[in-house]
Amino acid sequence: MNLAQMTEHAGEWLRGIGPHSDIVISSRIRLARNLAGHLFVNRSNRRQRYDVLTRCRDEILSGRIADSIIWVDLGESSDMDRQLLVERHLISRQHARGGNEQLRGVAIGGEETFAIMVNEEDHLRIQVLRSGMQLAEAFDQANRIDDVLESRMDYAFNSRWGYLTACPTNVGTGIRVSVMLHLPALKLTGEIEKVRRAARDLHLAVRGLFGEGSEALGDLYQVSNQTTLGRAEQEFLADFQHTIVPQILSYEQQARQALLRQAPSQLDDKIWRAWAILTHARVLGTDEVLQYLSHLRLGVNLGRIDTVDIPKINELFLLTQPAHLQRLTGCEMDQSTRREARAALIRQRLGGG
Amino acid sequence: MKRKCDKCDRPATHHSVEIIKGQKIEKNLCDEHAAEEGLLVKAVHTPINELLSNFVKIHSGGGGGESKDLTCDNCGLTFAEFREQSLVGCPECYRAFEKGLAPLLERAHEGATHHVGKVPARAGSGEARQQKLMRLRKRLSDAVSAEDYEMAAALRDDIRRFEEKSS
């Protein structure tokens with residue numbers, strides 16, 4: 001597996017399988033870890049960062065974490081490759097930032113089910129991604145990877161504050177649990193505030209598609225924990241499994257039923273209009289594509305349209321992003337050329353006219 | 001339009017609308033009266049940056065400013081620098097800044113004061129070891145800066161032996 005082969009398809013976590021995958025797009029666990037006896041990334045010089053980078057890379061690659069792992073040295077990769085990894089949620093925007101002088105890397109494995117960022121805000125950020133509602137499975141894998149790495153390296157840890165992290169908001173378990181949810185009906189019925197309120201009561205954050213500060217494009221929302229200290233990993237997981245996710249699922253399902261009952265024609269109009277535009281438009285921007293794909297996805301899940309399936313829609317969510325689009329067409333393009341190429345790609349994949 | 005508190009003349013900072021049995025109940029309250037009503041208990045999670053700037057405010061407002069003079073011996077970060085960037089510089093900062101950090105962490109983590117959950121298998125021999133390693137690495141870094149390569153090579157061997165001893 002390499003970056004070029006990756007581009008053609010969506011990663012495992014976007015396959016549209018797993019429990020509740022009509023609403024829960026993906027589950028993600030992230031563990032923040034630092035090596036004992038080293039300064040944190042923000043305080044260390046080039047040589048120290050280099051030491052951490054090579055040590056972590058060697059231990060990850062020789063630790064037999066997965067059958068195949070690829071190591072990407074971000075200092076040696078192009079802007080476009082880094083952007084590609086951001087679009088696939090394998091690295092953060094922060095990790096992609098900066099030029100080639102950055103001593104950063106990422107290990108990607110298991111059909112893109114995990115990515116370990118080295119020298120992001122913390123020395124190690126272990127992330128596991130799964131399609132649908134599979135937080136328990138994602139946590140198990142993250143925990144196993146963590147066990148392997150901790151048997152080979154000393155982590156910065158103290159008994160009072162737990163795993164020590166560069167930002168004190170991650171200290172303790174260093175865990176971030178998050179789910180990405182597709183909530184088009186709550187958006188259409190103007191009830192998305194219900195989700196925010198429910199999340200707030202549990203001290204959870206609600207964000208858009210690409211995390212911090214991003215808008216909820218394509219009606220995709222990420223819900224994640226904000227506190228990390230004072231409770232065991234399983235307790236954070238339980239909030240999601242037993243409280244917030246079932247609650248949001250029922251809100252969205254109710255909103256979908258309400259739309260079907262009270263405004264079936266308007267609903268069908270949204271769905272078929274999205275289909276018509278996606279299969280015939282000649283110029284399309286990213287944001288509008290995400291919106292139309294969202295309505296189309298809702299239509300398929302409600303059985304109102306069967307001209308396309310969920311995996312194909314999920315794939316288009318990804319392939320129409322700027323870096324993927326340019327990788328697929330094989331050339332760098334300015335924004336207006338990209339809009340034309342995007343429309344062409346969608347017509348081709350959906351069999352439009 | 002600035003609303004006034006329902007119960008006094010101060011500006012309202014807490015607004016809520018509840019619908020109970022079809023009745024719309026709107027409340028606009030100042031901090032003090034909101035706390036009285038118990039509305040502050042469910043306070044929204046405050047991002048750390050905001051906590052930090054509030055912290056700065058309290059401490060520059062006179063009295064109790066001891067934390068701001070704290071410095072981490074290991075990495076040289078001062079508490080004031082930490083407040084600006086909201087990142088600490090090394091594991092030792094947690095010890096050096098404990099007095100200033102503890103109240104912040106408690107607020108950022110909804111009152112939690114101690115870690116619960118996973119402990120690394122190797123944590124037992126842990127903290128003294130970590131400090132020793134940190135000291136060795138610091139000496140190594142100093143030796144490299146001073147271009148004392150003989151010393152640096154010796155320290156590197158020490159570090160390797162020390163790491164191997166425990167793994």
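## A buried aspartate

Two residues are in contact when heavy atoms of theirs lie within 4.5 Å. With that in hand, take Asp239(A) in this predicted model: leaving out residues up to four places away in sequence, Asp239(A) touches Leu202(A), Arg231(A) and Ile244(A).

Where does Asp239(A) sit? Look in helix H8 of chain A. Asp239(A) has a relative accessible area of 12%, and because the cut-off for buried is under 20%, Asp239(A) counts as buried.

## The nonpolar cores

The largest nonpolar core has 98 residues, and the ones touching the most other members are Ile116(A), Leu124(A) and Leu149(A). Helix H8 of chain A, residues 233–262, gives the most to this core, with ten residues.

Zoom in on Ile116(A): setting aside neighbours within four places in sequence, its contacts include Ile60(A), Ile65(A), Val106(A), Leu124(A), Arg125(A) and Leu149(A). There's also a second, separate core of 27 residues, and among its members are Val171(A), Cys75(B), Cys93(B) and Met134(B).

## Two helices side by side

Now for a helix pair in chain A: H10 (residues 286–301) and H11 (residues 310–319) pack at an angle of about 165°, with their axes 10 Å apart. Angles over 145 degrees count as roughly antiparallel, so that's the label for H10(A) and H11(A). Their crossing is left-handed.

Who makes the contact? On the H10(A) side you'll find, among them, Leu290(A), Leu293(A) and Arg297(A), while H11(A) brings residues including Ile310(A), Asn314(A) and Phe317(A). By class, the contact between H10(A) and H11(A) has eight nonpolar, three polar and one charged residues.

Note on methods. Residues are numbered from 1 along each chain as its sequence is written. Chains are lettered from A and ligands numbered from 1 in the order in which they are written. This is a predicted model: local features need pLDDT of at least 70, side-chain atom pairs count only at pLDDT 80 or more; totals for chains, interfaces and linings use all residues. Side-chain values use heavy atoms; hydrogens and water are left out. A nonpolar core is a set of buried Ala, Val, Leu, Ile, Met, Phe, Trp, Tyr and Cys residues joined through side-chain atoms within 4.5 Å. Buried means under 20% relative accessible area, exposed over 50%, partly exposed in between (1.4 Å probe, protein chains only). Helices (H or I, at least four residues) and strands (E, at least two) are DSSP runs, numbered from the N terminus. Axes are lines fitted to C-alpha atoms, for helices over the stretch in contact, and angles run from 0 to 180 degrees between N-to-C directions. Angles under 35 degrees count as roughly parallel, over 145 as roughly antiparallel, 65 to 115 as roughly perpendicular and the rest as oblique. A crossing is left-handed if the near helix is turned anticlockwise from the far one by less than a right angle, and right-handed if clockwise. Ala, Val, Leu, Ile, Met, Phe, Trp, Tyr, Cys and Pro count as nonpolar, Asp, Glu, Lys and Arg as charged, and the others, Gly among them, as polar.
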